[in-house]
Amino acid sequence: NNATGFSAVPAGSYFGNCINFGFNMYFWSATQYSSSYVFSRYLGFGSDVVFRYISEKLGGYSVRCLRD
């Protein structure tokens, strides 16, 4: 609902097909865990908690670009 000023579309994730579009989102992190895994962030619809996960680099997550 953009109550905090952080506007993002709940794009879900992609692993061969779109999963949970409109309900949650995952963002890639710039921090690698290993050569095959990376840290990611999860935001769920209706929740004010941001979770950190270790995710395989096989799927499709959102990327947030910031203007310098």
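**Antiparallel sheet and surface residues**

Arginine 41 stands opposite arginine 52 in β5. The model is predicted, so that local features require pLDDT of at least 70 and side-chain atom pairs pLDDT 80 or more, whereas totals for chains, interfaces and linings use all residues. Residues are numbered from 1 along each chain as its sequence is written, and side-chain values use heavy atoms, with hydrogens and water left out.

Strands are DSSP runs (E, at least two residues), numbered from the N terminus, and two of them pair if DSSP finds at least two bridges between them. Three strands form an open sheet in the order β3-β4-β5, with antiparallel pairing. Because β3 (24–32) and β5 (50–56) stand at the edges with a single partner strand each, one side of each is left without a neighbour in the sheet. From one strand to the next, the twist averages 35°; the axes are lines fitted to C-alpha atoms, and angles run from 0 to 180 degrees between N-to-C directions.

Strand β4 (residues 37–44) is joined to β5 by seven bridges, and the two run antiparallel. Serine 40 has tyrosine 53 in β5 as its bridge partner. The two strands form a hairpin with five residues between them, and glycine 46 in the turn has a positive phi of about 75°. Glycine 46 counts as exposed because its relative accessibility is 80% (buried, under 20% relative accessible area; exposed, over 50%; partly exposed, in between; 1.4 Å probe, protein chains only). The C-alpha atom of glycine 46 is separated by 8.6 Å from that of phenylalanine 23, 23 residues apart along the chain.

Tryptophan 28 is placed in strand β3 and is partly exposed, with a relative accessible area of 27%. Not counting residues up to four places away in sequence, tryptophan 28 touches Val38, Phe39, Ser55, Glu56, Lys57, Gly59, Tyr61, Ser62 and Val63 (contact: heavy atoms within 4.5 Å). Tryptophan 28 and tyrosine 61 are 33 residues apart along the chain, and their C-alpha atoms are separated by 6.0 Å.

Leucine 58 lies in the segment after β5. With 67% relative accessibility, leucine 58 counts as exposed. Together with Phe15 and Ile19, Leu58 makes a nonpolar surface patch of about 290 Å². Such patches are made of residues with over 30% relative accessible area and no salt bridge, nonpolar side chains (Val, Leu, Ile, Met, Phe, Trp, Tyr) being joined within 5 Å; a salt bridge is a side-chain nitrogen of Lys or Arg within 4 Å of a carboxyl oxygen of Asp or Glu. Accessible areas come from the Shrake-Rupley method with a 1.4 Å probe.

Key:
Helices (H or I, at least four residues) and strands (E, at least two) are DSSP runs, numbered from the N terminus. Patches are made of residues with over 30% relative accessible area and no salt bridge: like charges are joined within 9 Å, nonpolar side chains (Val, Leu, Ile, Met, Phe, Trp, Tyr) within 5 Å.
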